[in-house]
Amino acid sequence: MLSILGGVIFLLMIPVLRESPRWLFCHSKKATAVQNIQFASKINGLPSHVIKNVEDDIFIPSTVQTGQESVLRFLRYPRLVFVTATFYLSTMANVLLYYMLKFSAENISSSPYLSCWLLAASDLPSALLIHLCTRFDRRLVNFCTQLTAIIFCYFCCAEEIRLVSAVLCMAFAAISFNYVYLYLAEVYPTTMRSRITAGCIAVGEIGGMLANPLVLTVEIWDVLPFLITSSIALGPTIASWWLPETKGRRLPDHFSETLVIVYPENTSQNQEATLLLCT
């Protein structure tokens, strides 16, 4: 009932929500974007000079204005396909690690109530640590949190430290899960960001669906769920080491800026991105 109530409240708020100014600028709706920024400034008590030169500060290339961007466009760029697939599979791996352990609560310790309580409590430190992690390099934090979660999942095979390992594994999987969404927002342009995020959520659901069948393999061998899950998550974790670094960069507003991030070296793709930025 509480979930339904929250959904109803959200639906009632939709008519009064305003469109993202970044999205509006990218679709050549500058007047509406400025109005939305003025409204937000007024609500937050900001002085009018904050948005005085907002139109001059945002550069919109002609490729965006003519509506040439498409999610399928990145299929022309193998490295961008690799980056996108890594984000998707990393999300699935984190969800799989998280829910496999949550569904295995009764098998983690002799007291299922203690297991459930500690596993649920693991979300609290992860919510705090995610803010600390934003101070460091995106690629390094993403890789280390995923790898640490996998290591602790392997440690769950030892019955003596299974409960502690499971709690730590869930905490780091939760950090990595949230960090992926921060990371991908700094890679993809405004016009594609929401669709890529929706794709991550959809692929993450697959991990949630696979978690319960994996838990049932405990009937074959009590450590089998931990071995299978950590092995599945290892592939996306290794691949995440080759993700582009985005710390300190401005959010990309168009596809050409994403190409510069993904292809930082002097390649034909980078030269194409430079031409797009100049159009």
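## Overall fold

Of the contacts in the protein chain between residues at least 6 apart in sequence, 73% join residues at least 24 apart. The model is a predicted one. Its protein chain has 15 helices and zero strands.

The chain has 279 residues, and 43% of them count as buried.

## Packing of H6 and H12

Two packed helices are described by the angle between their axes and the distance between the axes. For helix H6 (residues 78–103) and helix H12 (residues 190–216), the axes come within 7 Å and cross at roughly 35°. The crossing of H6 with H12 is right-handed. Sorted by class, the residues in this contact are 16 nonpolar, seven polar and one charged.

## Thr 86 in H6

Helix H6 also contains Thr 86. The relative accessible area of Thr 86 is 3%; the cut-off for buried is under 20%, so Thr 86 is buried.

A polar atom of the Thr 86 side chain lies 2.7 Å from the backbone oxygen of Phe 82. With neighbours within four places in sequence left aside, Thr 86 is in contact with Pro 236, Ala 239, Ser 240 and Leu 243.

## His 254 between H13 and H14

His 254 sits in the loop between helix H13 (224–239) and helix H14 (255–262). Although His 254 is in a loop, its relative accessibility is 1%, and His 254 therefore counts as buried.

The side chain of His 254 also makes a polar contact, at 2.6 Å, with the side chain of Ser 256.

## Leu 129 in H9

Leu 129 belongs to helix H9 (residues 123–133). Its relative accessibility is 37%. Buried requires under 20% and exposed requires over 50%, so Leu 129 counts as partly exposed.

Leu 129 and Ala 171 are 42 residues apart along the chain, and their C-alpha atoms are separated by 9.5 Å.

## Summary of the residues described

- Thr 86: helix H6; buried, 3% relative accessible area.
- Leu 129: helix H9; partly exposed, 37% relative accessibility.
- His 254: loop between H13 and H14; buried, 1% relative accessibility.

Note on methods:
Residues are numbered from 1 along each chain as its sequence is written. This is a predicted model: local features need pLDDT of at least 70, side-chain atom pairs count only at pLDDT 80 or more; totals for chains, interfaces and linings use all residues. Side-chain values use heavy atoms; hydrogens and water are left out. Axes are lines fitted to C-alpha atoms, for helices over the stretch in contact, and angles run from 0 to 180 degrees between N-to-C directions. Helices (H or I, at least four residues) and strands (E, at least two) are DSSP runs, numbered from the N terminus. A crossing is left-handed if the near helix is turned anticlockwise from the far one by less than a right angle, and right-handed if clockwise. Ala, Val, Leu, Ile, Met, Phe, Trp, Tyr, Cys and Pro count as nonpolar, Asp, Glu, Lys and Arg as charged, and the others, Gly among them, as polar. Buried means under 20% relative accessible area, exposed over 50%, partly exposed in between (1.4 Å probe, protein chains only). A polar contact is a pair of N or O atoms within 3.5 Å; within protein, one must be able to donate a hydrogen and the other to accept it, and residues adjacent in sequence count only if both atoms are side-chain atoms. Contact means heavy atoms within 4.5 Å.
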